[in-house]
Amino acid sequence: TLDPRDFTVFITGATSGFGLAAARRYAGAGAKVVAAGRRRDRLEALKAELGADACHIVELDVRDWRATSDVVAAIPAPFDAINVVLANAGLALGLQPAADIDIADWETMVDTNVKGLMYTVRALLPGLIARGGGHIVTMGSVAGDYSYPGASVYGASKAFVKQLALNLRADVQGKKVRVTNIEPGLAETEFSLVRFKGDAGRASKPYEGTQAMTAEDIAEAVFWATVMPAHVNINRIQMMATTQAFAPFDIFRE
Ligand code: NDP
Ligand code: 8X3
């Protein structure tokens, strides 16, 4: 397997949930981490926790292409030798049927999950290739594989992520760049708090009385995919809580 001490990992959405857990996992294994997110106080706290030798922080809204490319271009040595990218920043907003959804919520999901992820990949991929290879891990979702009521644009955005990851593999053929799409199901993070816009009562409901996956579970899958020997590419990892399974098709009857 690869030695994570040789990794410099750029993580979007490192202020919470999967990205935060991944930052800790990689730094704990001796990797350098470039942690990106919008909330500076959380980035500062992460840097204090991991240490300035292990962690460089960048305040970044991935919805802004210019900012994303400028931030990547300005990363100082030794953190600029990025060879692993975790394009993880993303969100769901609302769970209403499509006919009732606030158009601004759909737009924010597309701007973040689709365009922000595109910008992250486009800003970092040339450097990976120039440095002789690396690994891009994208954060998809089971919502990109299966449909459920209210998933509408969120699920569609994650289907985009999955197909982009698969298509990237074709474009980096021969360049020693690996690509993996992680597709988690129910996992307890701030995801639901964001989806329900700070309504903590509603946000805790999906996790009540069950054992959801943790952010650490997902970080472990990300980590594993990236330390696999260089000749192995894990294309996709779909993972669910053991307590989460499939519902039958929904038949409408008069
Ligand atoms: P959290 O809400 O805990 O974390 C989301 C992270 O994304 C935060 O660090 C947030 O940072 C960052 N983020 C959101 N918008 C932006 C933006 N415009 N620019 C930069 N960073 C942004 O949720 P999760 O950790 O659960 O979610 C991480 C990813 O995993 C998302 O893509 C989500 O869709 C996906 N996912 C989550 C699942 C779950 O059940 N939890 C299951 C499957 C996939 P900040 O606000 O500081 O910018
Ligand atoms: C998050 C998982 O099932 O809430 O991507 O859409 S789900």
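Predicted model: local features only at pLDDT ≥ 70, side-chain atom pairs only at ≥ 80, totals over all residues.
Colleague: How far does α5 reach from its first C-alpha to its last?
Modeller: Helix α5 has 20 residues, and the expected span is 1.5 Å times one less than the number of residues. That gives 28 Å as the expected value, and the reach in the model is close to this, at 29 Å.

Colleague: Are α4 and α5 roughly parallel or roughly antiparallel to each other?
Modeller: The axes, which are lines fitted to C-alpha atoms (for helices over the stretch in contact, with angles from 0 to 180 degrees between N-to-C directions), come within 9 Å for α4 (residues 103-130) and α5 (residues 152-171) and cross at roughly 15 degrees. Angles under 35 degrees count as roughly parallel, over 145 as roughly antiparallel, 65 to 115 as roughly perpendicular and the rest as oblique. The two helices, α4 and α5, are therefore roughly parallel.

Colleague: How many nonpolar residues does the contact of α4 with α5 have?
Modeller: In this contact W106, M109, V110, N113, V114, L117 and V121 of α4 meet V153, Y154, S157, K158, F160, V161 and L168 of α5. Ala, Val, Leu, Ile, Met, Phe, Trp, Tyr, Cys and Pro count as nonpolar, Asp, Glu, Lys and Arg as charged, and the others, Gly among them, as polar. By class, the contact has one charged residue, two polar ones and, for the nonpolar class, eleven.

Colleague: Which residues of α4 does α3 meet?
Modeller: The axes of α3 and α4 come within 9 Å and cross at roughly 30 degrees, which makes α3 roughly parallel to α4. On the side of α3, the residues that take part are W65, T68, S69 and V72. On the side of α4, they are Y119, T120, A123 and L124.

Colleague: What is the relation of α1 to α8?
Modeller: Helix α1 (residues 17-28) packs with α8 at an angle of about 55 degrees, and their axes are 8 Å apart. Residues of α1 that meet α8 include F18, L20 and A21, while those of α8 include I218, A219 and V222. The angle makes the relation of α1 to α8 oblique.

Colleague: Which residues does F79 contact, leaving aside its neighbours within four places in sequence?
Modeller: The place of F79 is the loop between α3 (65-73) and β4 (84-87), and F79 is partly exposed because 18 other C-beta atoms lie within 10 Å. Once its neighbours within four places in sequence are set aside, F79 is in contact with T8, K32, V34 and H56.

Colleague: What separates the C-alpha atoms of R38 and G13?
Modeller: R38 sits in the loop between β2 (32-37) and α2 (40-50), where its 14 C-beta neighbours inside 10 Å make it count as partly exposed. Not counting residues up to four places away in sequence, R38 touches E59 and D61. Although R38 and G13 are 25 residues apart along the chain, the separation of their C-alpha atoms is 8.0 Å.

Colleague: Which residue does a cis peptide bond join to A77?
Modeller: The bond has an omega of about 0 degrees.

Colleague: Is K197 buried or exposed?
Modeller: K197 has a positive phi of about 55 degrees although it is not a glycine, and its place is in the loop between α6 (191-195) and α7 (200-204). Because 11 other C-beta atoms lie within 10 Å, K197 is exposed.

Notes. Residues numbered from 1 in each chain as written. Chains lettered and ligands numbered in written order. Helix = DSSP H or I, 4+ residues; strand = E, 2+ residues; numbered from the N terminus. Contact = placed C-beta atoms within 7 Å. Buried ≥ 20, exposed ≤ 12 C-beta atoms within 10 Å, placed from the backbone.
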